[in-house]
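Dear colleague,

Here is the structure I promised to pass on, and my notes on its pockets follow directly below it.

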Amino acid sequence: MCLAIPGRIKRIEGEFGIANFRGVERRIGLMLLPEAKVGDWVLVHAGFAIQRIDQEKAQETLKMLEEVLSYEE
Amino acid sequence: MRNESRLAQGLLHKIEELATEETNLMEVCGTHTMAISSSGIRKMIPRTLRLLSGPGCPVCVTPAEDIDWIIEIARLPGVILATFGDMVKVPGSASSLEAEMAKGAEVKVVYSPLDALQIAERNPKRRVCFVGVGFETTSPTVASTILLAKKRGVRNLFIYPGFKLIPPAMGFLSEKKEAKIDGFICPGHVSVIIGSRPYEFIPKRFGIPCVITGFEPLDVLQGIWMLLLQRANNHPRVEIQYRRGVTEEGNPCALASLERVFVRCDSQWRGIGVIPSSGLGLNQEFADYDAKRAFDLPKPKPLEPRGCICGPIMMGLKVPPDCSLFGERCTPQTPVGPCMVSSEGACAAYYKYGET
Ligand code: SF4
């Protein structure tokens, strides 16, 4: 039940926003993530954005894995 | 080979190198249980490694007496009960919300607590009760909804507070030491909210490694590898594998809304018992939204299904195939206990993916 789905914020209207989930648009609450901006990828749970997805960190994690794994092959 | 499967192979290789002795890792979260079963990871990793399901399926740990009580509320005339879909099939002592719906109770399955608020606003003469179950991922969304209801002057929305907290449950299992737990795969989305610090007492007090892990197969494999590395280096601590979503401090705004609306209380976990300070109730300021107060009903005396071993499974003492009812009398079509009802219960996950 703790599933959170990534969506991308298209519009912001006060405390709410419209996010795109693989082509489907949904209204989400932004009260838990007031710093969210249009264009951000966010994790959405039960109708609320709960965190920004840090794309840089995602790349870093993958790169680190690549390095450690190929280095010792 | 695709990059991802190449990395997965590499990680499996690393895991094999380190998994030289019997090791029990507990995936605390039901979403991890599902991810592990559906990706087949349980079958890929070396036999020395055991992945135990933990108490992290909210539907499974909600006590039968709460379910009975929620059913009583749904039966009251003029009440609309709003709930996440996962709850409708769960058996209480004698009925379920699904059975009550068939008998005419007005139960609305919602995707967000905001939907419950909307139902309340559209039906000002009705009382609307939202079933508040879930962990730290979910409780802030409900806190936020209550704050919004208050701001808008909505007085006919009530919350049944059944929220639970993950770190106290992990502490409880570590303290009890009934199951030998050598590492915790910590829940990714609970940690999005609470950050990594609330787990720190676990390696400190119990010497058990913790890795906050994401839900993709690669995340889970990397999490397992990090746990084994911590063990090999004899350096138990809290690490974050799921860095794209989790920071040390979590989501401060969500934490503040929890603080604003709820107080910590002792809480009963189905099949496990009372865990001190492991639940959230509404605080004094928001007591008017408390369904337990608004609907003053007698406390039911719950009956647990005979033969069900969900409790020991969620404590890491047993696995689903140990249950004599598993796959015979108890299947997703004819569930006996909560771990088979919930789509992310351990029994349902094992059954669906043929891990018998
Ligand atoms: S198989 Fe069914 S009866 Fe057995 S522990 Fe799981 S849910 Fe309970």
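In this predicted model, α1(A) contributes the most to the lining of the largest pocket, namely six residues (helices, H or I of at least four residues, and strands, E of at least two, are DSSP runs numbered from the N terminus). A pocket here is an open set of points on a 1 Å grid over the protein atoms alone, where a 1.4 Å probe fits, with protein on both sides within 12 Å along at least five of seven lines, and its lining residues have an atom within 4 Å of a point.

The largest pocket, with a volume of about 1,400 Å³ (the space filled by probe spheres set on grid points joined across faces, edges and corners), is lined by 45 residues, and Ala4(A), Ile5(A), Pro6(A), Leu43(A) and Glu216(B) lie nearest its centre. Its lining divides into 24 nonpolar, 13 polar and eight charged residues (Ala, Val, Leu, Ile, Met, Phe, Trp, Tyr, Cys and Pro count as nonpolar, Asp, Glu, Lys and Arg as charged, and the others, Gly among them, as polar).

The second largest pocket holds about 430 Å³ of space, and of its 15 lining residues Arg42(B), Arg47(B), Leu49(B), Arg50(B) and Tyr350(B) are the closest to its centre. β2(B) gives the most to this lining, with four residues, and the lining comprises eight nonpolar, two polar and five charged residues.

Residues are numbered from 1 along each chain as its sequence is written, while chains are lettered from A and ligands numbered from 1 in the order in which they are written. Local features need pLDDT of at least 70 and side-chain atom pairs count only at pLDDT 80 or more, whereas totals for chains, interfaces and linings use all residues, and side-chain values use heavy atoms, with hydrogens and water left out.

Best regards
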